[in-house]
Amino acid sequence: MFFVLSKILDFFVTPLFWVLLCLGLGLFLKQPKLKKKLLRLSLILVLIFSNPFLISQVLKRWEIPAINAKTITTPYDVGVVMGGSMRYFDWESNRVVYSNSVDRLLQALQLYHDGYIHKILLTGGSGFVNFQEWKESGLIAEVLLKSGVRPEDIILENNSRNTYENAVMSAVILNKGKYGSRFLLITSGSHMRRSMACFEKAGFKMDPFSVDIRSGSGFYTLDKIIQPDAENFVMWDFIIHEWVGMLMYKMMNYI
């Protein structure tokens with residue numbers, strides 16, 4: 001039930017929904033003063049959520065910073081890759097369609113081939129209310145095999161549906177003791193806080209390796225400060241999703 005409710009809540013906390021709500025009410029309400037206020041508010045929201053400088057500053061303060069892999073002096077036994085690299089599986093073309101978070105997978109592959117992690121644990125089943133047959137970890141494992149990862153170095157957790165379940169079900173696997181004791185958590189910088197908190201609640205100390213950093217380099221030109229960009233709505237979706245997720249997880253005692 002929590003899983004389904006979280007998906008419904010995601011819809012209502014997106015900035016685009018707020019803009020459309022204000023715009024819709026502003027167009028159809030009869031009261032002139034309220035109508036004007038709502039239309040003005042919808043414009044203000046568009047300007048706020050499309051501004052690149054504002055979202056970059058928010059992300060910079062929320063994301064766990066990336067580190068240089070060369071600073072890893074002792075290889076990790078397991079790199080735990082959080083789900084989210086896959087948007088869906090296209091049965092007609094028989095291929096994985098990747099999401100904006102595919103950097104989690106690509107960076108894990110590089111860490112493995114460079115010798116910084118010995119094994120890769122893929123955690124994540126289906127994150128969809130429907131299409132429970134799309135088990136992400138199993139599908140992504142095929143990609144790892146074709147990318148030169150040895151079968152014995154791939155560990156699958158293929159049933160979890162959200163970050164909390166990722167941590168709990170991965171902890172069950174890692175608690176067996178046969179995979180060592182040094183673990184590196186690989187996920188998006190904006191997702192790292194919630195992921196780390198879930199693993200800590202599950203009794204595991206993970207070192208963070210943030211990828212998919214969305215705040216940018218901090219090098220700004222005029223277009224990166226004031227020019228509206230619709231893509232920034234997506235950035236806000238990511239960050240608000242994490243804030244609401246942290247709040248809900250605390251209420252559920254997941255972290």
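Numbering starts at 1 along each chain as its sequence is written. In this predicted model, local features need pLDDT of at least 70 and side-chain atom pairs count only at pLDDT 80 or more, while totals for chains, interfaces and linings use all residues, and side-chain values use heavy atoms, with hydrogens and water left out.

**The sheet**

Strands here are DSSP runs of E with at least two residues, and helices are runs of H or I with at least four, both numbered from the N terminus. Two strands pair if DSSP finds at least two bridges between them.

| Strand pair | Bridges | Sense |
|---|---|---|
| β1 and β4 | six bridges | parallel |
| β1 and β6 | four bridges | parallel |
| β4 and β5 | four bridges | parallel |

Valine 78 stands opposite lysine 119 in β4. Valine 78 also stands opposite phenylalanine 183 in β6. Threonine 123 has glutamate 157 of β5 as its bridge partner.

Buried means under 20% relative accessible area, exposed means over 50%, and partly exposed lies in between (1.4 Å probe, protein chains only).

**Valine 80**

Valine 80 is found in strand β1. Its relative accessibility is 0%, so valine 80 counts as buried. Not counting residues up to four places away in sequence, valine 80 touches Leu121, Thr123, Leu174, Leu184, Leu185, Ile186, Phe199 and Met206. Contact means heavy atoms within 4.5 Å. Alanine 167 is 87 residues from valine 80 along the chain, yet their C-alpha atoms are separated by 9.6 Å.

**Helices on the sheet**

The buried residues are Met192, Arg194, Ser195, Met196, Ala197, Cys198 and Phe199. They pack against β1 (76-82), α7 (163-174), β6 (183-188), β7 (207-211) and α9. Just after α8, glycine 203 takes a positive phi of about 90°.

**α3 against α9**

Helix α3 (residues 32-49) packs with helix α9 (residues 231-251) at an angle of about 85°. Their axes are 8 Å apart. The two helices are therefore roughly perpendicular to each other. By the cut-offs, 65 to 115 degrees is roughly perpendicular, under 35 roughly parallel, over 145 roughly antiparallel, and the rest oblique.

Val46, Ile48 and Phe49 in α3 meet Asn232, Phe233 and Trp236 in α9. By class, this contact has five nonpolar residues, one polar and no charged. Ala, Val, Leu, Ile, Met, Phe, Trp, Tyr, Cys and Pro count as nonpolar, Asp, Glu, Lys and Arg as charged, and the others, Gly among them, as polar.

How values were computed: Axes are lines fitted to C-alpha atoms, for helices over the stretch in contact, and angles run from 0 to 180 degrees between N-to-C directions.
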